[in-house]
Amino acid sequence: MSEAIQAGGWGLLAGSALLLGAVIGYGLRVPQQVIALVMAFGAGVLLSAVSFELVGEAYEQGGLAPAVVGTLGGAAAYTVGNLWLARRGARHRKRSGHHTGQAQPTEQQQSGSGLALALGALLDGVPESAVIGVSLLDGGAVSLVTVAAVFISNVPEGLSSSAGMKKAGRGKGYVFAVWGAIAAASTVAAILGYVVLGGFSATVIAGVTAVAAGAILAMIADTMIPEAFEEAHLAIGLVTVAGFLVSFALSHA
């Protein structure tokens with residue numbers, strides 16, 4: 001039970017970065033290029049963590065088949081969920097609302113889009129948090145690199161999305177309630193990742209880790225990189241690589 005509580009604590013820490021980003025994005029006027037550069041850096045951090053901490057770990061635990069099948073399955077599941085939510089107003093949930101046609105819709109423009117945005121944030125956040133709990137199963141110690149990667153990437157996600165919510169006319173109570181709920185869901189996801197999978201074989205754990213990795217990779221490509229490219233396309237490659245190398249250095253320290 002103590003390790004399950006520990007998993008929840010790490011999940012809460014990583015998820016709280018979304019709330020921190022939301023406070024900054026809603027309360028301050030952050031330049032669009034700054035948001036984009038931080039988003040690019042966070043994408044690079046996550047790409048490295050997925051490569052070395054998730055897919056690499058899944059391969060070592062279960063072999064090539066669980067790693068490949070799980071990663072493809074996670075990406076497919078995320079894509080299907082994302083398509084469903086996109087049709088209900090959550091397509092630009094990580095956009096800060098600067099460009100016409102790429103802003104989050106108001107509730108008047110598309111009824112139910114507020115709920116879709118909240119569900120989209122949940123879809124983006126749960127896989128990241130679940131793997132934090134799963135990482136505790138490997139020797140009883142959490143992967144600090146995974147926690148750091150999720151935390152670093154969550155700040156710009158919350159920042160950009162909350163700025164877009166504000167521009168779409170959504171109030172402070174709604175914005176902070178959404179991100180507070182996602183932070184709580186991150187805690188639960190980390191606990192479930194540890195508790196539910198604790199009795200399964202290494203192959204099953206490897207497959208689930210790969211599923212989460214696939215979902216995260218699809219999320220990066222579909223939501224984080226487009227937002228970063230829109231405002232900082234001349235610098236996004238360099239900043240993304242910098243984030244990748246920071247995470248790589250942490251994983252090999």
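Let me start with a term: buried means under 20% relative accessible area, with over 50% called exposed and anything in between partly exposed, using a 1.4 Å probe and protein chains only. By that cut-off Leu-46 is buried, with a relative accessible area of 2%.

Some ground rules. This is a predicted model, so local features need pLDDT of at least 70 and side-chain atom pairs count only at pLDDT 80 or more, while totals for chains, interfaces and linings use all residues. Residues are numbered from 1 along each chain as its sequence is written, and side-chain values use heavy atoms, leaving out hydrogens and water.

Now the fold. The chain has eight helices and zero strands; helices (H or I, at least four residues) and strands (E, at least two) are DSSP runs, numbered from the N terminus. Of its 253 residues, 49% count as buried. Contact here means heavy atoms within 4.5 Å. Among contacts with a separation of 6 or more, 86% are between residues 24 or more positions apart.

Back to Leu-46, which sits in helix H2, residues 32-62. Beyond its neighbours within four places in sequence, the contacts of Leu-46 include Glu-128, Ala-149, Ser-153, Ile-216 and Met-224. Phe-244 is 198 residues from Leu-46 in sequence, yet their C-alpha atoms are 7.3 Å apart.

Which residues have the most contacts inside the largest nonpolar core? They are Leu-46, Leu-54, Ile-216, Met-219, Ile-220 and Met-224, in a core of 22 residues. H2, H7 and helix H8 (236-251) each supply at least two residues of this core, and H7 gives the most, nine. Another core, of nine residues, lies apart from it and includes Tyr-26 and Val-178. A nonpolar core, for the record, is a set of buried Ala, Val, Leu, Ile, Met, Phe, Trp, Tyr and Cys residues joined through side-chain atoms within 4.5 Å.

Last, the largest pocket. A pocket is an open set of points on a 1 Å grid over the protein atoms alone, where a 1.4 Å probe fits, with protein on both sides within 12 Å along at least five of seven lines; lining residues have an atom within 4 Å of a point. Its volume, the space filled by probe spheres set on the points, is about 250 Å³. The lining has 17 residues, with Val-126, Pro-127, Ala-130, Val-211 and Ala-212 nearest the centre. Helices H3 (64-90), H4 (113-135), H6 (172-197) and H7 (202-232) each supply at least two lining residues.
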